[in-house]
Amino acid sequence: MSKGTLFDKVWDAHAVKILPSGQTQLFIGLHLIHEVTSPQAFSMLRDRGLKVLYPERTVATVDHIVPTESQARPFLDDLAEEMMVAIEKNAKDYGIRFYNIGSGNQGIVHVIAPEQGLTQPGMTIACGDSHTSTHGAFGAIAFGIGTSQVRDVLASQTLALSKLKVRKIEVNGTLAPGVYAKDVILHIIRKLRVKGGVGYAYEYAGTTFEQMSMEERMTVCNMSIEGGARCGYINPDEVTFEYLKGRDFAPKGADWDKAVEWWKSIRSDDDAVYDDLVTFDASEIEPTVTWGITPGQGIGVSESIPTLEMLAESDRAIAQEAYSYMKLTPGQPIKGTKVNVCFIGSCTNGRISDLREAAKFAKGKHVAEGVKAFVVPGSERVKKQAEAEGLDKIFLEAGFEWREAGCSMCLAMNPDKLQGDQISASSSNRNFKGRQGSAMGRTLLMSPAMVVAAAVKGEVADVRELI
């Protein structure tokens, strides 16, 4: 029985049947694949003599292992080249649309699907990547899946899933200058904690999200997974429709009008029943920086690293581990922490609006001596648009490197890696031990604007002082 939430409506519309396990066999409208989690899935299909059931519902690109400096083939990394060859062959053999390097459409899977209008409200979307929750910004239900599930979707266009509970997270009010969508989601994860969303879908609501652009909404939904939620979404509205209209795969003409009518109907009802409700005030959120080894270990830039006494008992063991690994002292201000590397990019913050905002603060300034700073557009389209607007020149003049599209120093499955125990100011989404390519590397998550402030000062700085 539907509770009147968008999650329930979309789930029910895609439910094929209830399986003996109690799970739902859910039809997947759009399947996105990349070079890292798909080769084994295709091998499993071949071993079983199976076809891809609906190749037109799968779209492939390359992003994780792609170098962002020289993209000449063959890649210097043999494993990366092997993955490239595999996805090229698999896409060709199975008739799958493939956006390769140089196509003008290649990029991070969670950037290219929205910018082309592949991602639409009311869809079920799956991808062998945890940050598939990004697509929920459109009012879609989007799941990150494992390799065996990639196989299942290729072969049957369905997934066996247990239905989630729905938590409504309301944030109301206007964000102060220098405070961004990234700060909002880091604040939410800090308060609800990294395991707070386990078993839930997060519905983001309230005036703060209503005022956000689609790209800001994508940043929020992208990091739902960091808060333990399987997916996160925002109800579609005029902002959503305006973004989609005219994009490559968006409905056209009379089909557009029909689509909008349906998209409006799947919004959560005013009297929808939720399993939980949490509210936040936007005025309480300041530029946020992580200090530890989970995305939940975040504080406002004006705050100090919490001491053990300030933390709940259940958080103390991981905090002690974080103090040791990060080489930071409890009670010290986060502001002023020296940085070695500054990275702007990723599926969280590699879109055109992220680069525009970062460029505002980079203009007329220069990266501090001894700091390596670089900007990696989320897609070939983002790169082209940024260059048309002259953003690349602003970054280059400020001492940043300007790179080709890819995931880059987020997962660091490519040449972009931290060295030794370097400390990084990063606009990506995870600060786990070794996440950015070095077993000792240290990551501080923050907004792109805050990354620029850190690059210019050579240390964690408050971007509001640059306004």
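Me: How much space lies in the largest pocket?
Reply: This is a predicted model, in which local features need pLDDT of at least 70 and side-chain atom pairs count only at pLDDT 80 or more, while totals for chains, interfaces and linings use all residues. Residues are numbered from 1 along each chain as its sequence is written, and side-chain values use heavy atoms, without hydrogens and water. A pocket is an open set of points on a 1 Å grid over the protein atoms alone, where a 1.4 Å probe fits and protein lies on both sides within 12 Å along at least five of seven lines. With its volume taken as the space filled by probe spheres set on the points, joined across faces, edges and corners, the largest pocket holds about 570 Å³.

Me: Which residues are closest to the centre of the largest pocket?
Reply: Lining residues have an atom within 4 Å of a point. The lining of the largest pocket consists of 23 residues, and the closest to the centre are Arg190, Arg193, Gly296, Gln297 and Asp315.

Me: Which element gives the largest share of the lining of the largest pocket?
Reply: Helices (H or I, at least four residues) and strands (E, at least two) are DSSP runs, numbered from the N terminus. Two or more lining residues come from each of α6 (181-192), β14 (298-300) and α11 (316-326). The largest share, three residues, belongs to α6.

Me: Which elements give two or more residues to the lining of the second largest pocket?
Reply: This pocket holds about 350 Å³ of space. Its lining has 24 residues, with Val179, Tyr180, Ala181, Glu216 and Glu357 closest to its centre. The elements that give two or more residues are α6, α8, α13 (352-362) and α16 (448-457).

Me: Why is helix α8 largely enclosed by the rest of the structure?
Reply: Buried means under 20% relative accessible area, against over 50% for exposed and in between for partly exposed, with a 1.4 Å probe and protein chains only. Among the buried residues of α8 are Met214, Arg217 and Val220. Helix α8 (residues 214-222) is largely enclosed because, of its nine residues, the number buried is eight.

Me: Which strands stand at the edges of the four-stranded open sheet?
Reply: The order is β11-β10-β9-β12, with parallel pairing, two strands being paired if DSSP finds at least two bridges between them. Six bridges join β9 (residues 165-172) to β10 (residues 200-205), and Val166 stands opposite Ala201 in β10. Each edge strand has a single partner, so one side of each is left without a neighbour in the sheet: these are β11 (231-233) and β12 (276-281).
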